[in-house]
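I opened the model to look up a few local features and some overall values. My notes follow in the order in which I took them.

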Amino acid sequence: MEEQRNFETDAIRAQAERTDFREHSVPLYLTSSFVFDDAEQARALFADEVPGNIYTRFSNPNNTEFIQKLCLLEGAEDGIATASGMAAMYCSMAALLKAGDHVLASRSVFGSTHQILNVLFPRFNMSHTYVDLNDPASWESKIQPNTKMIFVETPSNPALDIIDLEWLGKLANKHQLILNVDNCFATPYLQNPAKWGAHIVTHSATKFIDGQGRVIGGAIVGKKDLIKEIRFFARHTGPSMSPFNAWVLSKSLETLAIRMEKHSENALTIAKYLERHPKVEYVKYPFLTSHPQHGIAKKQMRLGGGIVSFEVKGGIDAGRNFLNKLKMVSHSANLGDTRTIATHPASTTHSKLTDVERAAVGITPGLIRISAGLENVEDIVKDIEQALV
Ligand SMILES: *Cc1c(COP(=O)(O)O)cnc(C)c1O
């Protein structure tokens with residue numbers, strides 16, 4: 001039994017077994033298939049009697065290294081890597097649900113997750129009810145006899161609402177529901193939903209896990225028996241992560257802790273600056289004492305994360321004006337990059353929602369989402385300052 005190691009150490013030292021070449025850093029295994037020593041080994045591998053690689057759609061040393069490391073960091077039993085965050089969201093639901101089933105989902109989920117629940121699942125007779133993160137008292141009454149899963153994002157995008165995962169874990173277990181948490185905003189360094197009772201934890205690795213705006217990827221980790229079903233679904237439907245992306249993302253995990261420390265530090269500085277600015281209506285950041293669920297954030301998150309949301313006074317025009325004036329900060333729809341990014345959700349990521357739907361998920365017309373990068377924070381604040389004039 002290995003002794004307990006800390007997060008940063010596991011993120012660096014949990015690596016694939018060394019080959020005969022005695023490499024220090026893990027090589028990239030670009031091979032679509034693997035050879036069998038003999039007929040008996042081939043039979044045993046296909047019968048799942050022994051572990052090992054057969055075909056890269058099923059597994060590959062780079063994918064295995066990435067996902068095993070992520071499991072360790074999330075405190076999860078098993079997992080699979082997927083081609084994108086959306087492949088993770090889709091497989092984690094589609095593999096475990098069937099016609100007639102119902103999902104209880106937090107209203108403020110990622111745009112494409114909305115499309116899965118609103119448009120795609122109804123084709124297969126699967127239904128959902130949206131509930132509000134800041135109204136947990138209403139959740140239990142929305143559970144139906146055919147409810148099978150609770151799906152939430154916390155903190156939510158872009159309003160940064162937070163739900164008490166310990167409370168939610170208990171609610172899920174009381175009703176024997178699968179709790180599936182999209183942990184993309186927090187990353188395993190800031191929050192481990194499995195510790196609070198989540199059965200499945202999903203990720204878009206494209207965001208902070210890569211952290212450098214290079215590759216698309218996703219992951220599903222959680223309880224062994226559930227992952228077994230998801231692995232079957234993924235193996236036969238094919239949303240596997242490319243070995244190259246797995247190789248990049250495994251390296252990315254090596255620096256996740258130090259990056260999330262800095263993202264969070266910069267975001268807090270930006271949030272505090274904005275809170276005092278006369279042109280700013282309000283600021284949302286989990287680790288500001290003004291955040292409505294600040295206490296819960298402190299309980300379940302190590303730090304506040306890299307995302308800050310704020311409302312510019314003057315509505316939609318003021319929001320657009322701010323973005324057009326930025327000189328260094330990038331105007332992009334992505335988040336979780338070394339570069340600071342500003343987004344105007346009402347006209348981009350959440351433009352397909354109606355005004356009423358946007359209001360229900362806390363997106364006001366002048367809301368700006370800042371993904372704090374790793375530049376010197378003085379330079380980031382200076383750019384924000386000149387754009388707010
Ligand atoms: C980006 C994102 C996704 C989708 O991930 P992709 O890698 O773009 O497919 C899912 N959930 C959240 C919270 C995200 O931010």
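I began with helix 4, residues 85-94, and found it mostly covered, with eight of its ten residues buried. Buried here means under 20% relative accessible area, exposed means over 50%, and partly exposed lies in between, with a 1.4 Å probe and protein chains only. Helices (H or I, at least four residues) and strands (E, at least two) are DSSP runs numbered from the N terminus. I listed the buried residues of helix 4 as Gly85, Ala87, Ala88, Met89, Cys91, Ser92, Met93 and Ala94.

The model is predicted, local features need pLDDT of at least 70, side-chain atom pairs count only at pLDDT 80 or more, and totals for chains, interfaces and linings use all residues. Residues are numbered from 1 along each chain as its sequence is written, and side-chain values use heavy atoms, with hydrogens and water left out.

Next I looked up Thr202, which sits in strand 6 (residues 200-204). Thr202 counts as buried because its relative accessibility is 0%. Its side chain makes a polar contact of 3.1 Å with the side chain of Asn180. A polar contact is a pair of N or O atoms within 3.5 Å; within protein, one must be able to donate a hydrogen and the other to accept it, and residues adjacent in sequence count only if both atoms are side-chain atoms. Not counting residues up to four places away in sequence, Thr202 touches residues including Ala88, Met89 and Ser92; Ala88, Met89 and Ser92 are among the buried residues of helix 4. Contact means heavy atoms within 4.5 Å.

I then turned to Ile230 in helix 8 (residues 224-237). Ile230 also has 0% relative accessibility and so counts as buried. Leaving aside neighbours within four places in sequence, I found Ile230 in contact with Ile80, Cys91, Ser92, Ala95, Leu96, Ile200 and Ile220.

I found a cis peptide bond joining Thr154 and Pro155, with omega about -5°. Pro155 lies in the loop between strand 4 (147-153) and helix 6 (165-174). The bond from Asn157 to Pro158 is cis as well, with omega near -5°, and Pro158 is in the loop between strand 4 and helix 6.

Gln176, not a glycine, has a positive phi of about 55°. I placed Gln176 in the loop between helix 6 and strand 5 (178-182). Is Gln176 buried or exposed? Gln176 is exposed, with a relative accessible area of 74%. Thr187 has a positive phi near 65° and lies in helix 7 (residues 187-190). Thr187 counts as buried because its relative accessibility is 1%.

Last, I took the overall values. The protein has 14 helices and twelve strands, and 54% of its 389 residues count as buried. Along its principal axes the C-alpha trace spans about 75 × 50 × 35 Å. Among contacts between residues at least 6 apart in sequence, 72% join residues at least 24 apart.
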